[in-house]
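The structure is shown first.

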There are 2 protein chains.
Amino acid sequence: MYKDLVSEFKHIYREHGKTTIAARAEAEQAADRISQHGYKNIFFAGSGGSITTIMAFAEIIKRLSDIPAYWEEAAELMVSNYKQLNQDSLVVIMAKTGTMIETVQLSAYCKEHHIPCIGFVMIDDTPVANQVAYKVMLDVESSPIRYLTLYYFVFRLLYNHGDFPDYESFCASLEQLPEALCHVLDAYDETAQGFVERYHEEPFQLWIYSGLNQGEALKYAADIAEELFRQKTQIMNAAEFFHGCLEIADDDTNIILLKSEGPTRVLDERVERFLRKYASKKLVVIDTAQFELPGVDDAYRGYFSPVILNVCIEELITNYMIERTGKSAATRRYYGIVDY
Amino acid sequence: MYKDLVSEFKHIYREHGKTTIAARAEAEQAADRISQHGYKNIFFAGSGGSITTIMAFAEIIKRLSDIPAYWEEAAELMVSNYKQLNQDSLVVIMAKTGTMIETVQLSAYCKEHHIPCIGFVMIDDTPVANQVAYKVMLDVESSPIRYLTLYYFVFRLLYNHGDFPDYESFCASLEQLPEALCHVLDAYDETAQGFVERYHEEPFQLWIYSGLNQGEALKYAADIAEELFRQKTQIMNAAEFFHGCLEIADDDTNIILLKSEGPTRVLDERVERFLRKYASKKLVVIDTAQFELPGVDDAYRGYFSPVILNVCIEELITNYMIERTGKSAATRRYYGIVDY
């Protein structure tokens, strides 16, 4: 019934994966220049699809390094006047069009205040691309492949800072990721279609995450389920879930639990035990550990949960939802339609 | 129709306010000892009502100081193995009963790993109270009054660090807060009852916040609306709202916008303009700027948004909701009822 997404995405992951891996030096050289220049803290900033992609890297840095790292809404960062945001900081932004108002303003703000800013951009010669101190090109077409460039950059920064000596070994796993993601496509395709068939008309979805998976939870819940399909959602941290939110969990509530593979997996497992017992009827567990990732070292799997979820959710579920519901970016009622 | 909460709370704010202000030296001495000992970063940690009360202070520190400050779910902090969390850190926790599993474990974790930990506790001689390196007693009965002790502690830390020279002037305003909160009770009482009358059966509420108000938004949405009244909710950052969530906003959706008074107010105002135009029918705006706070310097009002909201929401709305719906902590279906 559904169109064949898997073949299309496989082709893209393989081709664009090659190009992105071939261009790794661009991300590494930016990291090297920044490390040489020095910085005291890092602010990952953005909104919508960009902040939800880069926020996991703030968490990775907190785990591996003593460099203070935050993620921030771009518009909030500009008005908050943080004393910690200054010429010794590094601001990391990601821009799709390079014309979104918040990102344009933030890159201008950084330039004006002499705050070093690196922009991961998909289109060159845009307001954002022209205003940032450092610029790295990202793949235009593929969300999972864009992650690769960010992994190169962040882990190279950590390597330079003495926090991650195994950088080359990590990169060997990273190079296998495009092909590994093709396995994820095969393994999850039918499940994604089943999810859409069953839940495309749910009025409310509760997405539960921990650790690095917050971004992908928020990305789908707010930027896709609400924006495209007008399904109300909530995203909830797995540890916080037990302090209030659990009371809305029951067999009438569609709950999606994103099981992580890193140190926070135990928190997800506790939620799963509860939900299997008390709210299992419309429970969906997306466990990245279920996927074989050939060539990817087990030691690094935990870092890749967001990109695996991105394949399952943004690539497969979202596109099947668009096909099933007839709703899409073209049927929004406010964004790009009315003034505000 | 509703019982008289205002007289009862006024009495408590005045009496317990006096006691708490009289005990300010306890919080200050703890801050002074910690400053003398030194620390490189601060982790505010907890879950439910405690993390949602203290998270605003991480934001305040980011604005006023270069001390790295984070807020974390207690259970997540313990498993995440942050390199940044070590003997040079300060962990700040708040405990109501002092027996909640996450807080007990976190205070034990800190003790075992020699991480300095300060516990703001309501009951002495509990597992938490006995395990923390520093201990400060909080008012047992009144949530808004507990905030006072936290303000003394955090602003004293900032003063000691050279980040907030106006500490004494700030304290003069802080001392006026209990009486000012009595004005808030008077000013908001009727509105709170009207809110409950109109929205006590809403199946879904969207709470929008910025800056320091995140904690009070999450506290009510998850810990009260969901936990006690089984109303589904979402909380959404005002800047992020425009990147997806806006598409669910309409006249059928109950939306509560918390307008802040600090630098992020402009973000709330942008949301308000949008909602007044496209989703005004069930829109509720709680604007802390509407309240007179006699004796409180305008320069400090912005810091007090969370405690003002606490009076409006946790004190008034919550208790009227309990009265109106007959639901309460006693009618929960999982927490304290079943095993998980």
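What volume does the largest cavity have? The largest cavity has a volume of about 1200 Å³, where a cavity is a set of points, on a 1 Å grid over the protein atoms alone, at which a 1.4 Å probe fits but cannot get out, and a volume is the space filled by probe spheres set on the points, joined across faces, edges and corners. The model is predicted, so that local features need pLDDT of at least 70 and side-chain atom pairs count only at pLDDT 80 or more, while totals for chains, interfaces and linings use all residues. Residues are numbered from 1 along each chain as its sequence is written, chains are lettered from A in the order in which they are written, and side-chain values use heavy atoms, without hydrogens and water.

The count comes to 3 cavities of 30 Å³ or more. Lining residues have an atom within 4 Å of a point, and the largest cavity has 47 of them, with Trp71(A), Gln214(A), Trp71(B), Tyr209(B) and Gln214(B) nearest its centre. By class, 24 are nonpolar, 11 polar and 12 charged.

Two buried residues (under 20% relative accessible area, 1.4 Å probe, protein chains only) are set side by side below.

| Residue | Relative accessible area |
|---|---|
| Ser143(B) | 6% |
| Lys62(A) | 7% |

With contact taken as heavy atoms within 4.5 Å, and leaving out residues up to four places away in sequence, Ser143(B) touches Lys219(B), Asn310(B), Glu314(B) and Glu315(B), whereas Lys62(A) touches Ala69(A), Tyr70(B), Glu72(B), Tyr82(B), Lys83(B) and Gln84(B).

Key:
On a 1 Å grid over the protein atoms alone, a cavity is a set of points where a 1.4 Å probe fits but cannot get out, and a pocket is an open set with protein on both sides within 12 Å along at least five of seven lines; lining residues have an atom within 4 Å of a point. Ala, Val, Leu, Ile, Met, Phe, Trp, Tyr, Cys and Pro count as nonpolar, Asp, Glu, Lys and Arg as charged, and the others, Gly among them, as polar. Buried means under 20% relative accessible area, exposed over 50%, partly exposed in between (1.4 Å probe, protein chains only).
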